[in-house]
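Here are some notes to read with the model open beside you. Take the points in order, and find each part on screen as you go.

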Amino acid sequence: VKKQAGQYEKLGHSVQQAAVLGAGIMGGGIAYQSASKGTPILMKDIKGDAIELGLKEARKLFGKQVERGKLTNEQMAERLTNIRPTLSYGDFGEVDLVVEAVVENPKVKDGVLTEVEALVADNTVLTSNTSTISIDRLAQNLKRPENFCGMHFFNPVHRMPLVEVIRGERTSDKTVGTTVAYARAMGKTPIVVNDCPGFLVNRILFPYFSGFSHLMAQGGDFEHVDKVMEAFGWPMGPAYLLDVVGMDTAVHAQDVMAEGFPDRMAHDGKNAIQLMVDNDRLGQKNGKGFYAYE
Ligand code: NAD
């Protein structure tokens with residue numbers, strides 16, 4: 001962390017029009033959050049179904065605000081118009097900042113980022129919501145790597161305040177500043193971190209999950225551990241948190257951490273998280289993880 005987020009903010013420009021690539025769990029959440037705080041956002045996917053689902057989720061979240069008396073029906077309708085769903089890059093020339101939130105696959109991300117870079121203005125900021133891929137690795141194929149950085153949101157986007165703004169080797173201060181400004185405009189708490197495996201949060205979270213896995217290997221009871229961590233003051237224990245994150249996602253991140261920090265994070269592939277995946281217990285996403293879901 002080189003400078004505090006606030007120092008960067010002055011160096012960037014404010015985002016009047018944003019875009020998100022991918023209307024999945026994260027893309028849909030990012031579109032909702034931007035629209036809800038007043039920044040218009042284009043939401044692009046390659047599948048019409050995905051866009052429908054993203055919009056449905058946004059409508060549901062706005063609906064809850066109406067139920068709680070925080071928004072009127074008119075305000076909800078107006079904020080919903082801030083999300084412009086699209087299957088094409090038609091209006092991308094007017095976008096100040098793009099958040100790429102497509103599947104966690106470096107080749108797909110490379111393709112999407114180079115495609116969009118060719119269509120946006122020279123000063124448009126490109127960001128990626130990747131959880132595990134190096135920002136310098138993704139910058140390799142870009143013509144303007146100075147305009148690129150990570151913008152890592154957490155799930156569910158509307159509830160999790162933190163956003164990691166990841167600065168690559170060639171990212172400019174202005175790019176970081178614009179990204180920090182946009183995160184703040186979305187009502188989030190940005191932190192600026194350097195590019196490394198796990199960025200900041202997962203470097204803390206995965207050693208914690210690893211401690212939990214060791215306890216399980218020694219015959220620990222996951223419900224008991226969860227209750228202990230709740231009594232310690234955390235909002236949820238590790239087993240429940242893994243169910244929320246998704247076991248497949250966690251295995252992937254665990255492997256990235258093992259590769260990045262072999263001395264501390266290497267594992268034998270037989271840990272609790274891997275065993276859950278082997279038994280098709282992926283967590284809330286397929287209704288069965290450590291706990292069972294409807
Ligand atoms: P998801 O599978 O729910 O959504 C991905 C979306 O991308 C799909 O709708 C898919 O149709 C779309 N897509 C694929 N190729 C595309 C293309 N070429 N152009 C436009 N859209 C395309 O995935 P997700 O969970 O929302 O994750 C997206 C990104 O966010 C990943 O990089 C992931 O690592 C990261 N992330 C996920 C979480 C999480 O908890 N799910 C948290 C933080 C970051």
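1. **Ground rules.** Helices (H or I, at least four residues) and strands (E, at least two) are DSSP runs, numbered from the N terminus. The expected span of a helix is 1.5 Å times one less than its number of residues. This is a predicted model, in which local features need pLDDT of at least 70, side-chain atom pairs count only at pLDDT 80 or more, and totals for chains, interfaces and linings use all residues. Residues are numbered from 1 along each chain as its sequence is written.

2. **Helix H2, by length.** After H2 comes Gly38, which has a positive phi near 100°.

3. **Helix H2, by burial.** A residue is buried if 20 or more other C-beta atoms lie within 10 Å of its own, exposed if 12 or fewer, and partly exposed in between, with C-beta atoms placed from the backbone. How many of the 12 residues of H2 are buried? The count is 11, so H2 is mostly covered. Among the buried ones are Met26, Ile30 and Tyr32. The cover over them includes strands S1, S2 (41-44), S3 (83-86) and S4, together with helices H3 (48-67) and H4 (73-80); contact here means that two C-beta atoms, placed from the backbone, lie within 7 Å.

4. **The ligand.** The shell around the ligand holds 25 residues, and the closest are Gly22, Gly24, Met26, Ala50 and Asn155. (A residue is near a molecule if its C-beta atom, placed from the backbone, lies within 6 Å of it.) Two elements give two or more residues to this shell, helix H2 (25-36) and helix H5 (106-117). The largest share, 3 residues, comes from H2.

5. **Helix H5.** From first to last C-alpha, the 12 residues of H5 reach 16 Å, close to the 16 Å expected. Which residues of H5 are buried? They are Lys109, Val112 and Leu113. An α-helix has 3.6 residues a turn, so residues three or four places apart point the same way. On the face turned away from the buried side, H5 carries the exposed residues Lys107 and Glu115. Strands S1 (18-21), S4 (97-100) and S5 (125-128) and helix H6 (135-139) are included in what covers the buried residues of H5.

6. **Asp173.** This residue lies in helix H7 (residues 173-185). Asp173 counts as partly exposed because it has 17 C-beta neighbours inside 10 Å. Leaving aside residues up to four places away in sequence, Asp173 touches Tyr8 and Leu11.

7. **Helix H11.** The 14 residues of H11 (residues 247-260) should span 20 Å, and the end C-alpha atoms are 20 Å apart, which agrees. Its buried residues are Met247, Ala250, Ala253, Gln254 and Met257. They cover an arc of only 120° around the axis, which puts them on the same side of H11. Their cover includes helices H8 (201-217), H10 (238-245), H12 (262-265) and H13 (272-278).

Note on methods: Arc of directions from axis to C-beta.
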